[in-house]
Every structure is written in structure tokens, then in C-alpha cells.
Amino acid sequence: MFGSKDKTPPKGPESPPGGAGQKPSMAAPPTIGIALGSGLARGFAHIGVMRALKRHGIEPTIVAGTSMGALIGGAYLTNKLDDIEEWAYKLTKFKVLSYLDFRVKSSGLIGGERLQKLMLNTFGEARVEDLPRPFIAVSTDLVTGHEVWMRKGRMVDVMRASFSLPGIFPPVSVNGRWLIDGALVNPVPVSALTANGARMTIAVNVSGDIIGKSKRPGDKIPTVAGFDLMSFKGPEQVEEAKQSGLVSRIFQREPDNPSIFGVMVSALNIVQDRLARSRLAGDPPDVLIVPRIGHVGLMEFDRAEELIAEGEAAVERVMPDIKSAYTVLCTDYKDDDSPAG
């Protein structure tokens, strides 16, 4: 189980998920796609989802991700999931703040240089086109509003473009286009899977727990970030940033009023949630996984262990549906390139 000292996943079953001893009649391996949705800190639940699926013998052949989903999906395909998980378990509120290089200028409140350095140390110069399986990271064209599917380029650049929340992180220039967070157009990118030939689709919506959102205890005005950035002492560079009057006005809140930062993040979350419901209705996956993590704040990256564990639990709850879908969609078919008939 996640959170234990031994995080080595056990071997998956010898037989396919459709049933013990069942041998699929197939001319080609099934194309299973997984869409990992956006959700800031809640995206850590994707780690638990991928771990649990692998233990059950389900290894997606196409991965599409938006925002945090793109980061975890890329880590999965580059065999860096262990590194990301180990880093996540060590996060504290102070460490989270240390990665936020505040700069109230230019096109974002947070520069993102420290995060980029961390990502470069992890992923290096790995490129999307060199991955063993297809990977699609979703972003949004800042000028046209078009949905952009990034299937080539350096992993670090592709991931940064996918999670560049407008107003929070600066947009990323890729091939002459300014790109921002893909959650503005496709928070859970099932359509990217079906368009690329996925026979069976699994979607993970880490922002779909409406009940959990209403359970969170707290003041009359909830702290969207999960904790008030200005209410306690952080790293030296953060304390220096607090001295700026503009930074204080943006991140600090009065007892009965949300902060500017809280309003921005909450508004983006509302847009993402409503759009995800609409897109999932129009492009329904074969199996939808919704971890029960709505009570976790969008910036509570220090709760990784809880999030990862719930991602695993969410898979176990829907495993009967996954097995049924696999049996119907992936165990009796002809080569997709063969003539119909």
C-alpha cells in the first residue's frame, strides 16, 4: 500500500483482467488509453491510480494528460514515477512555498524558474517523441484559444506549457505559440485518446468530488490554497517577498474576505470543473475514476501521501467496471487494420 516503506508494486496477474485463465483472441495488442485530468495538488492522486492499475495488469498504451495530469503521465512514461513520488512524500508547506518564486510583474505571479530547475534535474533533455508509448499533453493557445495537443518537444517544456495557470505562471512559448494551462479547454482529455486509436478509454477526474468539496471544515471564507500563504513564516525568500506591498495585497486576506490569489484559483477551478463535466458528457470514457479528494485544497501539495492512497483506493472501487470493459473491448477483436466484415 502507498505510504508504506516498501513501495515496490507486486507483479501483476499472469492472466488478463477479464478473468483467470482467459486468453483473449487477438491479432494485435489492445490499445488502452488513459486520460489524467488537471487539479493542481490533487493531481498526486494520479500516482496512486497508475500504481494500482499496474498491479492489476493494466498498462495503458496511450497516455494523455492536462496540467498536473501531464506531469504525472510524463513521469509514468519516462519511468520517473518513483522519483516524483519520493519527492512528493517529502513536501511540507514550507517546501511548497520555497518553490514559488514570487514576482508580481510580467505575465505571472510566480516565475516558475525553481520548478523548471527541479523538472530539468528529474527529466533532463528527454523528448516526447522518444517515449516508448504515445504521450499527449494538452495546453491552450493564448491568442486563439485553440486546444493544442503537444506530441513532440522537450518533456520539461511540454509539461510547463500544460500547467501554466493564467495569471499564476507565465505562458510558455513553444514553436512560436504562447501556451497556457490546458484545463481551460480540456481538463480530462478523453478526446485525445479516441482520436489516436484507443480501443478502451479510462479517465481520471481528480476534481470531480463535489461531495468532498462541501465537507471541508473551516472558516466562513475557505482558504482555496489549503493554507494562507501569508499567515505563517516560510523560507527566507518567501519572507522577503512578503515585504512587498503588492505581494501582500494579492496573497493576504482579511478574516471575512478571500484573497485575490484565492479568488483567482477558485475561479479557475470553477471553470475547470464545469468544463470537465461538459467534455466528459460529450466524450464519455469507458471507465471514469473519481478519487474522493474534494476536501483537499488545490495547493495542499504536502498531503501527497493521502492523495496517492486515495488514488489507489479509487481504482479498487471501479476495478469490476475496468475488468468488464476490458473483457468486452479488449479480449475478442481483429486487427484494426484488417477489412471490416
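## The nonpolar core

A nonpolar core is a set of buried Ala, Val, Leu, Ile, Met, Phe, Trp, Tyr and Cys residues that are joined through side-chain atoms within 4.5 Å. In this predicted model, the largest such core has 71 residues, and those that touch the most other members are Ile34, Phe44, Phe135, Met200, Ile289, Phe301 and Ile322. The element that gives the most to this core is helix α12, spanning residues 304–330, with 11 residues.

Just after α2, Asn79 takes a positive phi of about 60 degrees.

Helix α6, made of residues 155–162, has seven of its eight residues buried, and it is therefore largely enclosed by the rest of the structure. The buried residues of α6 are Met155, Val156, Val158, Met159, Arg160, Ala161 and Ser162.

## The chain as a whole

The chain has 12 helices and 10 strands, and buried residues make up 51% of its 341 residues. Among contacts with a separation of 6 or more, 77% are between residues 24 or more positions apart. The accessible surface of the chain comes to about 15600 Å², and carbon and sulfur atoms account for 53% of that surface.

Notes
Residues numbered from 1 in each chain as written. Predicted model: local features only at pLDDT ≥ 70, side-chain atom pairs only at ≥ 80, totals over all residues. Heavy atoms only, no water. Buried < 20%, exposed > 50% of the residue type's maximum accessible area, 1.4 Å probe, protein only. Helix = DSSP H or I, 4+ residues; strand = E, 2+ residues; numbered from the N terminus. Contact = heavy atoms within 4.5 Å. Areas by Shrake-Rupley, 256 points an atom, 1.4 Å probe, with all protein chains shown as cover.
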